Amino acid sequence: MSRADRILAIAVVLFALLVGPAVRGAAALSPAQTVTIKGPSGSTRVSLSAERTLEVEGLNGVVVVVVHDGHASVRESSCPDHVCVRSGVVSRSGEAIACVPNGVTVRIGGERNDGLDAVAR
Amino acid sequence: MDSTLSHARATATPTVAVTRRVVLGGCLLATACVLGLLEASIASPVPGVRFGLANIAVLVALAVLGEKSALAVSVLRVGIVGLATGTLFGPVSVLAVSGALASWAAMVLAFRSSARFTFVGISIAGASAHVTAQFVAAAFLSGTTGVLAFAAIPIIASLLFGIATGFAARYIISRLEGNGLAGR
């Protein structure tokens, strides 16, 4: 590896370490009290303090979202590689889990204006 | 062995040179597809972390056949693997295409750059650009930047796998060039 290679490697590590805090910093507009679950057919906002299990209809099947103990996670999904399930739990404002094959997202905080048409409960 | 082959290359007619390029390009595309399928069948323990094995073939194509051939290998690989795994034209293929294009562009930039990147450095550029582009595409598709909060571990993993695939590509490139089989 040349000197240029090593500089690039260090730049990549710095970028990786900074991207998470930068995203959290930019998205943390309000304290996280709600979780917004958006699917192909609309979106729902649920309080993070609630204990809820939601079955969201995705593009390919059902995505099971669990809100428990101030965290939100995807328990089950009909998608092929289960990136959403293995993403684990989100609890801090601005964090999100996306199931791209099903078109479903779970985002902490719902106070920011998304241009959503309706909020269904 | 080597001297015979370089002699054959020196006296090769243009048609033979074209044939050699086409054959080598086809072999690299086939290799990229097999590596891509192999990787698709391995369930990654951490979301977003991939070995990027197919990038070996793309980097070899870039080095021995040029930029256009590397782009062809990369894009056709995504199409063929998508067809085989059934994800073609779905939202997942948007991630795959954006990753492939960003990776190719980053490797071309590193390859042309006046900074002296070795094939390992070019591979790191391609691997990290691939992961970053996939996360950006996922953020667009999901309409939230929150998914980027998961990007740190996959990017660091891409650096390590980029180094590994870079060494693999360097070995293959040196063998191809040593045998006079490089297409240019």
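Predicted model: local features only at pLDDT ≥ 70, side-chain atom pairs only at ≥ 80, totals over all residues.

Two strands count as paired if DSSP finds at least two bridges between them.

**A covered strand in chain A**

Strand S8 (residues 104-108) of chain A is mostly covered, with five of its five residues buried. Val104(A), Val106(A) and Ile108(A) point one way from S8(A), while Thr105(A) and Arg107(A) point the other way. In a regular strand, side chains alternate between the two faces of the sheet.

Which strands pair with S8(A) in the antiparallel sense? One is strand S1 (residues 34-39) of chain A, joined to S8(A) by four bridges; here Thr36(A) has Arg107(A) as its bridge partner. Another is strand S7 (residues 96-99) of chain A, also antiparallel to S8(A) and joined to it by four bridges.

| Strand pair | Bridges | A bridge partner pair |
|---|---|---|
| S1(A) and S8(A) | four bridges | Thr36(A) and Arg107(A) |
| S4(A) and S5(A) | six bridges | Val65(A) and Val74(A) |

**An open sheet in chain A**

The last pair in the table belongs to an open, antiparallel sheet of four strands, in the order S3-S4-S5-S6 (chain A). Strand S3 (52-57) and strand S6 (89-90) of chain A stand at its edges; each has a single partner strand, so one side of each has no neighbour in the sheet.

**An enclosed helix in chain B**

Turning to chain B, how many of the 11 residues of helix H3 (residues 54-64) are buried? The count is 11 of the 11, so H3(B) is largely enclosed by the rest of the structure. Among these buried residues are Asn55(B), Leu59(B) and Val64(B). They pack against helix H2 (14-41), helix H4 (67-85), H5, H6 and H7 of chain B. Just after H3(B), Gly66(B) takes a positive phi of about 110°.

**Where the chains meet**

Finally, the contact between the chains takes 31 residues from chain B and 29 residues from chain A. On the chain B side, helix H5 (91-112), helix H6 (119-142) and helix H7 (152-178) each supply at least two residues. H6(B) gives the most, with eight residues. The chain B side divides into 20 nonpolar, 10 polar and one charged.

Conventions
Residues numbered from 1 in each chain as written. Chains lettered and ligands numbered in written order. Contact = placed C-beta atoms within 7 Å. Nonpolar A, V, L, I, M, F, W, Y, C, P; charged D, E, K, R; others polar. Buried ≥ 20, exposed ≤ 12 C-beta atoms within 10 Å, placed from the backbone.
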